[in-house]
Amino acid sequence: MRSTMQDVPLSIATIVRYGTTAHGDREVVTCTADGVRRATYAEVGRRSAQLAHALRDLGIEGDQRVATFMWNNQEHLEAYLAVPSMGAVLHTLNVRLFPDQLAYIADHAQDKVVLVDGSVLPLLAKILPKLDSIEHIVVNGPADLAVLEGAAAQVHSWEELIAGRPEEFDWVDLDERDAAAMCYTSGTTGNPKGVVYSHRSIYLHSMQVCMGDGFSLTAADRVLAVVPMFHAMAWGLPYAALMVGSTLLMPDRFLTPEPLAAFIAAERPTLAGAVPTVWTGLLAQLQAHPSDVSTLRQVVIGGSACPPALMEGFDALGIRVIHAWGMTEISPLGSVGHVPPGVTGDEEWRYRLSQGRLVASVQARLVGPDGSVLPHDGVAVGEVEVRGPWVTASYYRDQDPDRFDDGWLRTGDVGSITPDSFLNLTDRAKDVIKSGGEWISSMELENALMSHPAVAEASVVGVPDERWGERPLATVVVKEGHTVGIEELREHLSGQVASWQLPERWAFIDEVPKTSVGKFDKKVLRQRYAEGTLDVRTTAPIR
Ligand code: AMP
């Protein structure tokens with residue numbers, strides 16, 4: 001029997017039409033060098049329509065790619081609404097990538113127009129000679145246009161380009177499976193790979209973000225999107241906010257702890273999302289210079305494992321941390337760490353420190369090294385594979401087909417799953433340290449090290465060892481004003497991990513190198529070790 005339900009496509013245009021009218025009085029607030037800028041969703045809707053008209057006039061048709069090279073701000077939101085809703089494909093470029101990677105990505109995606117913040121125009125200008133496909137550059141805000149001298153592409157001012165254009169656009173209702181947006185993975189090995197989201201996947205994912213067991217967004221929320229709109233679509237927060245009428249607070253390029261704390265005190269967010277390194281910096285700032293953060297009901301931490309010390313630090317300030325796991329390939333939401341009702345004490349901590357419960361639409365299986373599917377018993381450890389309506393089925397132009405296994409995406413993450421669907425990751429497959437045939441979790445060692453009061457950050461990588469194959473090298477950043485030695489740190493670890501897992505190679509460093517999205521860059525650490533540029537001290541080898 002066929003259902004009698006209407007077959008109405010799930011589209012971003014629907015979110016735009018609804019969000020900019022039903023929630024037309026809600027606001028997007030953007031941080032600037034001298035205060036904030038405010039606009040209502042109704043205004044953003046009108047400006048998005050003008051942008052769409054302008055892009056049509058520049059020749060954007062069908063599924064052509066419109067790239068953004070922008071921080072989180074009002075105009076980036078307008079691009080998020082306009083580009084997919086006019087039928088084109090929004091491609092968010094990561095402003096922190098190396099020039100060669102950016103050039104590779106823009107060429108691979110064949111971007112035709114790039115919308116760029118004036119503040120990052122010099123970065124774009126550097127790679128422009130390599131971007132053959134770009135025909136138009138649209139510049140947002142004040143900029144030094146001299147850096148574009150000699151550019152083959154035509155240059156336009158955002159405001160001049162949209163001025164006087166109609167404030168309504170006949171948003172296109174496409175097939176819901178058509179491409180809406182794309183984002184390249186921030187992986188540290190090989191070339192970045194493209195993930196192409198559909199209108200349907202974004203729509204369904206936005207609903208999940210709003211759900212109670214997602215980030216539980218409502219019109220009463222003021223959402224601080226610290227996670228960049230070029231990193232996994234800012235975790236879906238922009239579209240979700242439009243869907244339910246949450247206010248969006250956009251920090252633009254002001255992402256260091258001091259301005260962030262001031263933005264929080266002034267704009268009173270109820271919810272915020274970012275990777276652990278951002279929160280580590282903010283926590284230190286708030287501890288040193290307390291300011292009013294009492295409105296924050298929930299801070300979502302994801303993108304890397306949340307160190308327990310970070311969660312405890314925010315708890316002490318009365319802010320609830322929710323741990324979430326995801327990937328660019330999963331739109332990105334996979335699991336969220338809401339504790340089941342009635343759970344308290346140590347058990348509550350176990351739940352909170354896990355990567356969270358897999359959401360209803362993301363199915364997962366664990367696969368052992370021999371390819372066997374392992375039970376979800378909280379004990380068996382294997383690679384996590386996932387599938388679902390917002391999980392990519394391939395990479396753009398079929399890069400890396402080996403990452404797909406019979407309809408499942410190989411996440412490259414290793415861990416266990418409990419019978420009640422909580423995910424506990426132990427490592428990235430490539431970061432697991434294989435010592436004498438046994439696995440050592442770099443994540444576990446890092447969390448244990450970062451629970452020492454003198455440790456600001458710690459990253460552990462496997463390095464070659466003649467006898468054991470591989471052994472852990474601990475790199476440690478000591479907090480300002482503190483001192484700590486190797487023996488004390490080994491002592492601190494010995495209560496938490498087995499003695500054969502204790503690192504005997506140590507390096508004290510000023511800062512852990514970070515990737516373009518703020519994660520620990522272990523590739524750089526391994527490289528520094530191989531080149532001999534780390535000041536490595538050793539303790540007695542294990543027997
Ligand atoms: P990206 O696509 O850049 O967001 O990176 C996705 C990867 O980040 C995942 O495959 C994980 O390895 C890692 N990741 C994301 N969230 C977490 C988390 N909560 N705990 C540990 N690793 C995480």
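**Figure 1. Strand β5 and its neighbours in the predicted model.** Phe-69 stands opposite Val-116 in β5. Phe-69 belongs to the pairing of strand β3 (residues 65–69) with β5, which runs in the parallel sense over five bridges; two strands are said to pair if DSSP finds at least two bridges between them. Helices (H or I, at least four residues) and strands (E, at least two) are DSSP runs, numbered from the N terminus. Strand β5 also pairs with strand β6 (residues 136–140), again in the parallel sense and over five bridges, and here Val-114 stands opposite Ile-137 in β6. The model is predicted: local features need pLDDT of at least 70 and side-chain atom pairs count only at pLDDT 80 or more, whereas totals for chains, interfaces and linings use all residues. Residues are numbered from 1 along each chain as its sequence is written, and side-chain values use heavy atoms, with hydrogens and water left out.

Figure 2. Seven of the seven residues of β5 (residues 111–117) are buried, so the strand is largely enclosed by the rest of the structure. Buried means under 20% relative accessible area, exposed over 50%, and partly exposed in between (1.4 Å probe, protein chains only). Together with helix α5 (residues 121–127) and β6, strand β5 makes a right-handed β-α-β unit; right-handed means that, with the strands pointing away from the viewer, the path from the first strand over the helix to the second runs clockwise.

**Figure 3. Helix α10 and its packing partners.** Helix α10 (residues 276–288) has 13 residues and reaches 18 Å from its first C-alpha to its last, close to the 18 Å expected at 1.5 Å a residue; the expected span is 1.5 Å times one less than the number of residues. The buried residues of α10 are Pro-276, Thr-277, Trp-279, Leu-282, Leu-283, Gln-285 and Leu-286. These buried residues pack against α9 (257–267), β12 (271–274), β13 (298–301), α11 (308–316) and β25 (455–465), where contact means heavy atoms within 4.5 Å.

**Figure 4. Gly-495 in its loop.** Gly-495 is found in the loop between α14 (486–494) and β27 (505–508). At 70% relative accessibility, Gly-495 counts as exposed. The C-alpha atoms of Gly-495 and Gly-19 are separated by 52 Å, and the two residues are 476 residues apart along the chain.
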